[in-house]
Amino acid sequence: MDASEYDYVIIGGGSAGCVLANRLSADPSISVLLLEAGGAARHPFYAWPAGFAKMTKGIGSWGWHTVAQKQLKGRVLRFTQAKVIGGGSSINAQLYTRGVPADYDAWVRDAGATGWSYRDVLPYFKRSENNQRFANEFHAYGGPLGVSNPVSPLPICEAFFQAGQEIGIPFNPDFNGAVQEGLGYYQLTQLDARRSSASTGFLDPVRSRPNLGVALQAQVLRIVVEAGRATGVDVVRRGSRSPGRIRARREIVLSAGAIGSPKLLMQSGIGPADHLQAVGVPVVSDLRGVGSNLQDHLDLFVICECTGDHTYDKYNRPQHAAWAGLQYLLFRRGPVASSLFETGGFWYADRAAGARSPDIQFHLGLGSGIEAGVARMRNAGVTLNTAYLRPRSRGTVRLADPDPATAPLIDPNYWSESFDRTMAIKGLRLAREILRQPAMRRFVQAEVLPGAGSDSDADLFEYACANAKTDHHPVGTCRIGTASDADAVVTPDLKLIGIEGLRVADASVMPFVPSCNTNAPTIMVAEKAADHILGRIGRSGS
């Protein structure tokens, strides 16, 4: 499909953009163009569940970093953002989690996001699902997104569940069901032991629609605004040095993610006027909320040496890696079929503090080489990651200069609220406690990091400053709110405040980060956005 004018132009072919391309182009009378700066997901690592471990740097990524984090002693963190069709869903660990009802009800109560309560959004979660196990009030099957259970769990996973029970944390067969509390196997965005990304699930089956265009390696430089309305985009396509202009007859939908969407708005002159003027971008619309309210989950971890080959570390050696590949090709089993983090759960940093729902999330990593800075051990290792789920700290995304090719200034502002640090360290202590339970003694020989000598809060703070990392869950930088809210960027129907013909639909619109991984909520946002765009939701939901 080759034209310079479409009804809808979608910027960003990530989790949200692929959903929107599918849903909007289902009407053959509507022409849709999806623009993605990255390329195709052709490398086998994209399809193999374990391949994500190779993609958090380099392949499929923009290669961005945070600015120095003041509360982490000036540490600069790698901040992976996907640059490939399917976006984060093409390179993530495939965990399918939604959070809890209170997350979405808080969007409505505390941010004015009318129509985004749990009752409102649950049907959109279900609409996407092709769940291989559950069909009940929380789940459905037959949707585009494969959701399945792990196919290659290891015995150490079951011991982890037992260890939780030994300190009062129950087993939970479904974190997206009636309760989130407990430890268990995550459901995964996989189908037949292959990654089910938004690209493979939503986009690939409809690529042949004559009314749908998909342009890869197409970098949008700015959104064109004329007389208060977004009318088109300037884009540099693959093989061209000069930009061309593509017009949108109805709307432009910005789905470039919690970093990319505010970056492009500011490049287009839409954002905080004082910042735009300071970096030399002409102001089109003074919208101070753009790029503010950045939230993310900061990850801490415990690494232990095992008593033997109880995890997948040995498959880093060539002879074992070859066997793992053969296992996968012949049987769709073994380490290549594992997301490596398919076990985990949700609990409380401090049960006595009265949290409304679990505020700590665990990911059991089936190896030690997954994290940086681990010295070689004689035996295999196991990692238990922990993240505080409802941070109070807020950061920003800003431009370094007017050049679209320049990386943005990403400042999550981790632990600017000391409460977050306190809760995160409590979560780290809880992870250590789980791994020290009797049920783990068959598998765990000794703690390597933080290490037996690191017990005080001061010790653990030093350890965190040196080792903390992002969980890759940025949200909030174009948040939903009422039109009268000076810090809101979009109204509940996702229309940009102050500019006609432009919506934002991705993780950036979430007022607060959900208590979970963010891929499934992002897909939900796009599902609901499609209904708003197509006029299927009345004023009561906007």
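**Cavities**

I searched the whole structure and found 2 cavities of 30 Å³ or more. The model is a predicted one: local features need pLDDT of at least 70, side-chain atom pairs count only at pLDDT 80 or more, and totals for chains, interfaces and linings use all residues. Residues are numbered from 1 along each chain as its sequence is written, and side-chain values use heavy atoms, with hydrogens and water left out.

I took a cavity as a set of points, on a 1 Å grid over the protein atoms alone, where a 1.4 Å probe fits but cannot get out; lining residues have an atom within 4 Å of a point. Grid points are joined across faces, edges and corners, and a volume is the space filled by probe spheres set on the points.

The largest cavity holds about 130 Å³ of space. I noted 13 lining residues, with Asp296, Leu298, Pro391, Tyr414 and Asp420 nearest the centre. The lining divides into 8 nonpolar, 3 polar and 2 charged residues (Ala, Val, Leu, Ile, Met, Phe, Trp, Tyr, Cys and Pro count as nonpolar, Asp, Glu, Lys and Arg as charged, the others, Gly among them, as polar).

The second largest cavity has about 30 Å³. Its lining includes Tyr96, Leu145 and Ser128, and by class has 7 nonpolar, 1 polar and no charged residues. Helices H4 (118-128) and H12 (519-533) each supply at least two of the lining residues (helices are DSSP runs of H or I, at least four residues, and strands runs of E, at least two, numbered from the N terminus).

**Aromatic pairs**

I counted 14 aromatic pairs (ring centres of Phe, Tyr and Trp, the last by its six-membered ring, within 6.5 Å; planes under 30 degrees apart are stacked, over 60 edge-to-face, the rest tilted). Trp62 and Trp64 are stacked, at 5.1 Å centre to centre and 20° between the planes. Trp62 is partly exposed at 29% relative accessible area, while Trp64 is buried at 9% (buried is under 20%, exposed over 50%, partly exposed in between, with a 1.4 Å probe and protein chains only).

Phe175 and Tyr186 have ring centres 5.2 Å apart and planes at 55°, so I logged the pair as tilted. Both Phe175 and Tyr186 are buried. I also noted one aromatic cluster of Tyr104, Trp107, Trp116 and Phe125.

**Strand S1**

In S1 (residues 5-11), 6 of the 7 residues are buried. S1 pairs with S11 (residues 244-254) in the parallel sense over 6 bridges (strands pair if DSSP finds at least two bridges between them).

Technical notes:
1 Å grid on protein atoms, 1.4 Å probe; cavity = no way out; pocket = protein on both sides within 12 Å on 5 of 7 lines; lining within 4 Å.
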